[in-house]
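Get your viewer ready and switch to a cartoon view. We will go through the selections one by one, with a note on what to look for at each stop.

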Amino acid sequence: MHELGITRSIVEIAEENARRQGAQRVLSVTIEIGDLAGVIPDSVAFCYEVCCEGTLLAGSELLIRQVKGKGRCRDCGADIDLDTTTFNCSTCGSYALERLQGEELRVIEMEIE
Ligand SMILES: [Zn+2]
C-alpha cells in the first residue's frame, strides 16, 4: 500500500512546518487530494494515526478535501470532468486533453498550538 509512504511524507512535511513555527503540537492538518493524484483518501486517513505516533502530530485530526479532476480538450476547447478512466474528450473524442486540476496532493492548512 503506497499510501503509507505518502502519508508518512505528509506527516513529515507538516511536522517540519509546525517546528519552524515553534509549535508544541499540531491539532489538525488539512490536506488536499486530487481525484487524479492516484491516492485513495480513505487509505491516507487509515494510515494517518500510525504515522503521527511519536511526532508533533500525535492525536491530531486529519481533514481531507477532495479535488475533482478537471481538464480541457486541446482540440475543441471543451471543459470536461476527468477521472482516472477518462482518456478522451466527451464532446469530440480527441485524446489531446490537458489536465487543469485533480493532481493535487498537499498540506493546505494546519492548526497548531
Ligand atoms: Zn474535444
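Which strands does helix 2 lie across? Keep in mind on this tour that the model is predicted. Select helix 2, residues 41–52, and you will find it lying across strand 1 and strand 2. Its run makes an angle of about 165 degrees with strand 2.

**Stop 1: around helix 2**

Together, strand 1, helix 2 and strand 2 build a β-α-β unit, and the unit is right-handed. To see the pairing residue by residue, show Thr-30, which has Leu-63 of strand 2 opposite. Then pick Gly-34, whose bridge partner in strand 2 is Val-67.

**Stop 2**

You now have an open sheet of 3 strands with mixed pairing, in the order 2-1-6. Strand 2 and strand 6 (105–112) are at its edges; each has a single partner strand, so one side of each has no neighbour in the sheet. From one strand to the next, the twist averages 20 degrees. Next, select helix 1, which packs on this sheet and touches strand 1 and strand 6. The directions of helix 1 and strand 6 make an angle of about 40 degrees.

**Stop 3**

Follow the chain from helix 1 (3–20) towards strand 1 (26–34) and stop at Gln-24, in the loop between them. Is Gln-24 buried or exposed? Gln-24 counts as exposed, because it has 8 C-beta neighbours inside 10 Å, and the exposed class takes in residues with 12 or fewer. While you are here, draw a C-alpha to C-alpha distance from Gln-24 to Ser-94: the two are 52 Å apart in space and 70 residues apart in sequence.

**Stop 4**

How values were computed: Residues numbered from 1 in each chain as written. Predicted model: local features only at pLDDT ≥ 70, side-chain atom pairs only at ≥ 80, totals over all residues. Helix = DSSP H or I, 4+ residues; strand = E, 2+ residues; numbered from the N terminus. Buried ≥ 20, exposed ≤ 12 C-beta atoms within 10 Å, placed from the backbone. Pairing = 2+ DSSP bridges. Right-handed = clockwise from strand over helix to strand, strands pointing away. Axes fitted to C-alpha atoms, helices over the stretch in contact; angles between N-to-C directions. Contact = placed C-beta atoms within 7 Å.
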